[in-house]
Protein chains: 2
Amino acid sequence: MPKDPVTRNDVAEYAGVSTAVVSYVVNEGPRKVAPETRDRVLEAIRALGYRPNATARALRMGTTRTFGLITPDGGNPLFAELAKAIDREAAARGYVVLQTSADGDPETENAKIAELLTRQVSGLILVAPTEDPDLRDVEVPVIAVNRRLPAVSSVRPAYLDGARLGVEHLISHGHRRIGLVIGGAGHPERELGWRTALATAALPEGPVVRAPFSREGGYWAGRVLLRHEPTAIFASSDLQAIGVLRALHEAGADVPGDVAVVAFDGTPETEYTWPPLTVVRQPVEALAREAVRRLIEGEESVEALTVPTDLVRRRSCGC
Amino acid sequence: MPKDPVTRNDVAEYAGVSTAVVSYVVNEGPRKVAPETRDRVLEAIRALGYRPNATARALRMGTTRTFGLITPDGGNPLFAELAKAIDREAAARGYVVLQTSADGDPETENAKIAELLTRQVSGLILVAPTEDPDLRDVEVPVIAVNRRLPAVSSVRPAYLDGARLGVEHLISHGHRRIGLVIGGAGHPERELGWRTALATAALPEGPVVRAPFSREGGYWAGRVLLRHEPTAIFASSDLQAIGVLRALHEAGADVPGDVAVVAFDGTPETEYTWPPLTVVRQPVEALAREAVRRLIEGEESVEALTVPTDLVRRRSCGC
DNA sequence: TTGAAAGCGGTACCAG
DNA sequence: CTGGTACCGCTTTCAA
């Protein structure tokens, strides 16, 4: 027996006032209300269990105070952490986040974008979107996180500097043959960071393996890499590093004794691998904060905002 | 220069028809429209880039076709997997999911519930909610996942049978001193499953340690447990098992040689621990499917629906 | 200080 | 087959 929802009319009637007054009380404005009338209204609200209808409010106001958030995969720890941080950040500013996953599929991504726009989101946050999402006729602010997009504001970690930082750390441990595990095309910066660190130290370029950003991908890459006998490996994502670790264990290699490992990302999972991974940590909270801020403040700039990373030393590098 | 959104009025005017006709075309009903008129309208929609306003539609229809989803922590892999599955399942049925995290805090949880109701969600999915969420005056269907709640429909894995299955497997490997890592109060079933398996095999109860459902909690529990020298450990969650694994590695114990481990949950992370974890897998997809189905079909029953688990044999048990 | 009423965008009934 | 229009719940201007 789902009782009819209580509307503002019911409250007005119960309190013996007009609907306008109820509105003034609920929103604490824009007109003043006599304290005594106010109390009557509040009492009515409590008595009836009235809950304002945000849908109607949104229609009238033209804004939902809702952000749409699309990640390639909610099951990826990095994206989960990012989503969590964005949710928290948005909530703190009175926004709600409609979070959904594109399953790494461009078509699904476009369908989700359309769906979110239909629901009148006040802004769109695209985490690591595909190459070329359909953003025509989008009249709300959009921000890309962890990836640049033409004509769209974006926020991202310092991929190049971060990767260089990680590789330099490996070099400081005395490594001279440092392999790289990196994703497919379209992610040049971490690779460039690795290359730069090696060049600066006048070291030859170690082996490079391209594989998907997944545990499976890292495992496969690790096995391939082992044949080149590197003394250290820089993995461009946590997931890949975890796969590399497995390949190393299976081969009976000691980490960091035989092969040292450093990863890029720094999700919580890396603290509990064996051995714990030394990582270049993405500034997840800062990325979330900046993304939300830009959206709310309607940042016009299409310049990518780059947020610095930091090195977290654990066991896998030899520290 | 955010151009004004195109409304149904603009389309009607452009196509030279009434707004009603536009509505009939967009919704393919409830009245028929002459094919030629239809084409004019579709052309107008395309030309103007019209996108229906779901907010207005929801107001008129009284339903948003949106579910609210609250998890204790979006960063927890199990909840992330569950959320992902629910999102996918709901999308397949034309619903969108408003996903948010309660940060494991009852107050936040209640605030989020209120927030979601305010936004007129068509149903509420509470994943592993706290003891006693405030569900008064909730006029939409609610379903609890992975936890029973008074007077609320719920869906959950077979905790007891699953735990028993895991422990029996350990017993079949010849273990006779099997420790248990379990959460604090309020989760009696996995413990009972462990107890039942031991009793059935006429084995003495091994040591029990209660710790938070986290990697840290598991680590701590593992260290405590080691002092009792068990030959096997059943961890009631993946996260705890991962912590246990670290404690074991630090102590120089071989897994599964010195101590075997089996965990409950079976998130993807367990496939890549060292050694890979044998797990009792929660039927995440089935849980999601049933939760969404019950919500949509307005399941009245308050009986908890129990979905069976299955054992995934990997290395940590000695298989 | 309060009330009446217009209108946000869309739906669907009633007439034609 | 199509047009006109009342109404969903709420905000806010205008008038009282």
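Biologist: Which atoms of DNA strand C and of Tyr24(A) come together, and how far apart are they?

Modeller: One looks for pairs of N or O atoms within 3.5 Å. In this predicted model, a base oxygen of DNA strand C lies 3.4 Å from an N or O atom in the side chain of Tyr24(A). A base nitrogen of that DNA strand is 2.9 Å from an N or O atom in the side chain of Arg60(A), while for Asn27(B) the side-chain N or O atom is 3.4 Å from a phosphate oxygen of DNA strand C.

Biologist: Which elements give two or more residues to the surface near DNA strand C?

Modeller: These are helix H2 (19–27) and helix H4 (54–61) of chain A, together with helix H2 (19–27) and helix H4 (54–61) of chain B. Of the 28 residues around DNA strand C, those that come nearest are Ser18(A), Thr37(A), Arg8(B), Tyr24(B) and Arg57(B). By class, this surface has 13 nonpolar, 8 polar and 7 charged residues.

Biologist: What share of the atoms of DNA strand C within 4 Å of the protein belongs to sugar or phosphate?

Modeller: Sugar or phosphate accounts for 55% of those atoms, and the rest belong to bases.

Biologist: Turning to the strands, which way do the side chains of strand S4 of chain B point?

Modeller: In a regular strand the side chains alternate between the two faces of the sheet. In strand S4 (residues 142–145) of chain B, Val142(B) and Ala144(B) point one way and Ile143(B) and Val145(B) the other, and all are buried.

Biologist: How many bridges join strand S3 of chain B to S4(B), and is the pairing parallel or antiparallel?

Modeller: Strand S3 (residues 123–127) of chain B is joined to S4(B) by 4 bridges and the two run parallel, with Val127(B) having Val145(B) as its bridge partner. S4(B) also pairs in the parallel sense with strand S5 (residues 153–157) of chain B, over 3 bridges, and here Val145(B) stands opposite Val155(B).

Biologist: What is the strand order in the open sheet of chain A?

Modeller: That sheet of 6 strands has the order S7-S6-S8-S9-S10-S12, with mixed pairing. Its edge strands, each pairing on one side only, are S7 (208–210) and S12 (310–312) of chain A, and the twist averages 20° from one strand to the next. Within the sheet, S8 (residues 232–235) and S9 (residues 260–265) of chain A run parallel and are joined by 4 bridges, and Phe234(A) stands opposite Val262(A) in S9(A).

Biologist: Which strands does helix H8 of chain A lie across?

Modeller: Helix H8 (residues 188–200) of chain A lies across S6 (178–182), S7 and S9 of chain A, running at about 170° to S6(A).

Notes. Residues are numbered from 1 along each chain as its sequence is written. Chains are lettered from A and ligands numbered from 1 in the order in which they are written. This is a predicted model: local features need pLDDT of at least 70, side-chain atom pairs count only at pLDDT 80 or more; totals for chains, interfaces and linings use all residues. Side-chain values use heavy atoms; hydrogens and water are left out. Two strands pair if DSSP finds at least two bridges between them. Axes are lines fitted to C-alpha atoms, for helices over the stretch in contact, and angles run from 0 to 180 degrees between N-to-C directions. Contact means heavy atoms within 4.5 Å. A residue is near a molecule or strand if one of its heavy atoms lies within 4 Å of it. A polar contact is a pair of N or O atoms within 3.5 Å; within protein, one must be able to donate a hydrogen and the other to accept it, and residues adjacent in sequence count only if both atoms are side-chain atoms. Ala, Val, Leu, Ile, Met, Phe, Trp, Tyr, Cys and Pro count as nonpolar, Asp, Glu, Lys and Arg as charged, and the others, Gly among them, as polar. Buried means under 20% relative accessible area, exposed over 50%, partly exposed in between (1.4 Å probe, protein chains only).
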